[in-house]
Amino acid sequence: MHTDTTTGRPYAAASSSVPSSPSSLAAAPLSVPADGARAYVHGYSEREARRLGDQADTLARLLHGGTAYPPGSRVLEVGCGVGAQTVHLVNASPGAHIVAVDISGDSLAQARARVAAEAPGAPVEWHRADLFDLPFADAEFDHVFACFVLEHLADPAAALTALRRVLRPGGGITVIEGDHGSAFFHPDSSAARAAVQCLVRLQADAGGDSLIGRRLWPLLTTAGYRHVRVGPRTVYADAARPALARSFTLDTFTAMVESVRADALAAGLVTEADWDRGIAGLRRTAEEDGTFHYTFFKAEAVNGPV
């Protein structure tokens, strides 16, 4: 293995590729699958697309450090979403051929536009496809990259097994996930912790797992990968890091929790007053005497024998 280096639940819809020409992409269907919005707990709004881009830029060095693919290698990015991570993949590995896949045509359109603007000329191939029914030959890819994808799946182990089919024997997979149970902060706030738990509960109700970071090692080993290595990538912000407190504590994590407000209230998980207190508590941690901690988990593994 080289030291290399959201959206894929099993839908019945047939897979379709997205050609590389802009005119062909514009003609492609842009609707999200019927239950796509439920599968992706944060929704498909323009605000969420901006948040994903801000998050990727804020965390690029933390999450993509050590991730670079050799020239000429074929790399599958599964669940590419709006292309927030794709931009960093192509910038870190300019000689690799990136193939980006997502179930949402609308997200793919945004991803293509983002890459064209931020990494013009990057050799990215786009496909609208179901993770569980990928339109690729066996062993077609040298590497697979999946970031913030497994957390949205009802059966992440089955997804990892399915990805082995298109990954050559000995090829590498990189998986990055968060774990909302790793969030702790000062000043502590029971209302803030309750707001975070609303997100955890809603994602679980949608079939996902926002605590999945802690499960990457057993998921990969059970799916048949070998040489599995998992390590924490920790974010810590305080007044000595004001830019990080703004970009991560407020614009990434708190904004992510805020995105489920309507669903949390509709589900009766919290009152409006308690929700507002919880969000205020999260925002309070970005002030002069506040601190915020969160851990992502990055896993690398090799496709073992079938």
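Author: Buried means under 20% relative accessible area. The model discussed here is predicted.

Reader: Why is Phe 248 called buried?

Author: Phe 248 has 1% relative accessibility. The cut-off is under 20%, so Phe 248 counts as buried.

Reader: What makes Phe 248 and Phe 296 an edge-to-face pair?

Author: Two values decide. The ring centres of Phe 248 and Phe 296 lie 6.1 Å apart, and rings pair if their centres lie within 6.5 Å. Their planes stand at 75°. Over 60 degrees counts as edge-to-face, so the pair of Phe 248 and Phe 296 is edge-to-face.

Reader: Where in the chain do Phe 248 and Phe 296 sit?

Author: Phe 248 is in helix α9, residues 242–258. Phe 296 is in strand β9, residues 291–303. They are 48 residues apart, and the pair links distant parts of the chain.

Reader: Is Phe 296 buried or exposed?

Author: Phe 296 is at 4% relative accessibility. Buried needs under 20%, so Phe 296 counts as buried.

Reader: Which residues do ring pairs link into a cluster?

Author: Phe 148, Phe 185, Phe 248, Phe 253, Phe 292, Tyr 294 and Phe 296 form that cluster. The structure holds nine aromatic pairs.

Reader: Why is the pair of Phe 136 and Phe 141 given its class?

Author: The ring centres of Phe 136 and Phe 141 are 5.0 Å apart, with the planes at 90°. The cut-off for edge-to-face is over 60 degrees, so this pair is edge-to-face. Phe 136 is buried, at 7% relative accessible area. Phe 141 is buried too, at 0%.

Reader: How do you know that Arg 164 lies over the face of Tyr 225?

Author: Arg 164 is 5.8 Å from the ring centre of Tyr 225. The distance limit is within 6 Å, for CZ of Arg. The rule also asks for a position within 35 degrees of the ring normal. Arg 164 is listed as lying over the face of Tyr 225.

Reader: What makes α7 roughly perpendicular to α9?

Author: The axes of helix α7 (residues 190–205) and α9 cross at roughly 65° and come within 9 Å. The class runs from 65 to 115 degrees, so α7 is roughly perpendicular to α9. The crossing of α7 and α9 is left-handed.

Reader: How many disulfides are there?

Author: The count is zero. A disulfide needs a pair of cysteine sulfur atoms within 2.5 Å.

Reader: Are Cys 80 and Cys 147 buried or exposed?

Author: Cys 80 has a relative accessible area of 5%. Cys 147 is at 4%. The limit is under 20%, so Cys 80 is buried and Cys 147 counts as buried.

Notes: Residues numbered from 1 in each chain as written. Predicted model: local features only at pLDDT ≥ 70, side-chain atom pairs only at ≥ 80, totals over all residues. Heavy atoms only, no water. Buried < 20%, exposed > 50% of the residue type's maximum accessible area, 1.4 Å probe, protein only. Phe/Tyr/Trp six-rings, centres within 6.5 Å; stacked < 30°, edge-to-face > 60°. Helix = DSSP H or I, 4+ residues; strand = E, 2+ residues; numbered from the N terminus. Axes fitted to C-alpha atoms, helices over the stretch in contact; angles between N-to-C directions. Parallel < 35°, antiparallel > 145°, perpendicular 65-115°, else oblique. Left-handed = near helix turned anticlockwise from the far one by under 90°.
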